[in-house]
Amino acid sequence: MTLKSAYNIVLERFKRTDADIQIKLDKKTRQAIRKFKIEFVNMDKGTLAWTDFKTKTIFFDIRHCLDDKLEEVADTIIHEYAHVLAGEKAAHTRNWKQTYGKLKKSVGRISK
Ligand SMILES: [Zn+2]
């Protein structure tokens, strides 16, 4: 599976009409994220994703993104986006937690 097709499959999961989760990012967040590449790889068990600031790449575990519940995948995406916004030094400090908390609000449940 190529990276591009993996990316599209993950996006499709969020776009499906029966998906009840959506991520709506504000402009500032989208611009920050756009500076990073997104790659799907097979990670060690227990690791879902990580952000590499040196290469400006966000790595996601491909099986997690394709197989796990959409709300868990959305949470992983938001987690990594918070790293991008908060910066490398923030790690999982309060600064990161605040950013994550704000981003969490962009994950919406679509009522049916
Ligand atoms: Zn983290």
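Me: How do the axes of α2 and α4 cross?
Reply: The axes of helix α2 (residues 27-34) and helix α4 (residues 70-86) cross at roughly 85 degrees and come within 10 Å of each other. Axes here are lines fitted to C-alpha atoms, for helices over the stretch in contact, and angles between N-to-C directions run from 0 to 180 degrees. The cut-offs are under 35 degrees for roughly parallel, over 145 for roughly antiparallel, 65 to 115 for roughly perpendicular, and oblique for the rest.

Me: Which residues of α2 and α4 meet there?
Reply: From α2 there are Thr29, Ala32 and Ile33, and from α4 there are Tyr81, Val84 and Leu85. Two residues are in contact if their C-beta atoms, placed from the backbone, lie within 7 Å.

Me: How do the residues of that contact divide into nonpolar, polar and charged?
Reply: In the contact of α2 with α4, five are nonpolar, one is polar and none is charged. Nonpolar covers Ala, Val, Leu, Ile, Met, Phe, Trp, Tyr, Cys and Pro; charged covers Asp, Glu, Lys and Arg; the others, Gly among them, are polar.

Me: Before I go on, what kind of model is this?
Reply: This is a predicted model, where local features need pLDDT of at least 70, side-chain atom pairs count only at pLDDT 80 or more, and totals for chains, interfaces and linings use all residues. Residues are numbered from 1 along each chain as its sequence is written.

Me: OK, how many helices and strands does the protein chain have?
Reply: The protein chain has five helices and five strands. Helices (H or I, at least four residues) and strands (E, at least two) are DSSP runs, numbered from the N terminus.

Me: And in what order do the elements run?
Reply: Starting at the N terminus, the order in the protein chain is α-β-α-β-β-β-α-α-α-β.

Me: Back to α4. At what angle does α4 pack with α5?
Reply: The angle between α4 and α5 is about 125 degrees, and their axes are 9 Å apart. That makes α4 oblique to α5.

Me: Which residues make that contact?
Reply: On the α4 side they are Ile78, His79, Tyr81, Ala82, His83, Leu85 and Ala86, and on the α5 side Asn95, Trp96, Thr99, Tyr100, Leu103 and Lys104. The contact of α4 with α5 divides into eight nonpolar residues, four polar and one charged. Tyr81 and Leu85 of α4 are also among the residues that meet α2.

Me: Is Ile77 buried or exposed?
Reply: Ile77 lies in helix α4, and it is buried, with 23 other C-beta atoms within 10 Å. A residue is buried if 20 or more other C-beta atoms lie within 10 Å of its own, exposed if 12 or fewer, and partly exposed in between, with C-beta atoms placed from the backbone.

Me: How far is Ile77 from Ala49?
Reply: Ile77 and Ala49 are 28 residues apart along the chain, and their C-alpha atoms are separated by 8.2 Å.

Me: What about Gln22 and Ala74, how far apart are they?
Reply: They are 52 residues apart along the chain, with 8.0 Å between their C-alpha atoms. Gln22 sits in strand β1 (residues 21-23) and is partly exposed, with 14 other C-beta atoms within 10 Å.

Me: Where is Gly87?
Reply: Gly87 is in the loop between α4 and α5. It is partly exposed, with 13 other C-beta atoms within 10 Å. Gly87 and Arg63 are 24 residues apart in sequence, and 26 Å apart in space from C-alpha to C-alpha.

Me: And where is Thr93?
Reply: Thr93 is in the loop between α4 and α5. Thr93 counts as exposed, with 10 C-beta neighbours inside 10 Å. Its C-alpha atom is separated by 24 Å from that of Ile38, 55 residues apart along the chain.

Me: New topic. What is phi of Ala91?
Reply: Phi of Ala91 is near 40 degrees, which is positive in a residue other than glycine. Ala91 is found in the loop between α4 and α5 (94-104), and it is exposed, with 10 other C-beta atoms within 10 Å.

Me: What about phi of Lys56?
Reply: Lys56 is not a glycine, yet its phi is positive, about 50 degrees. Lys56 is in the loop between β3 (49-52) and β4 (57-61). Lys56 is exposed, with 11 other C-beta atoms within 10 Å.
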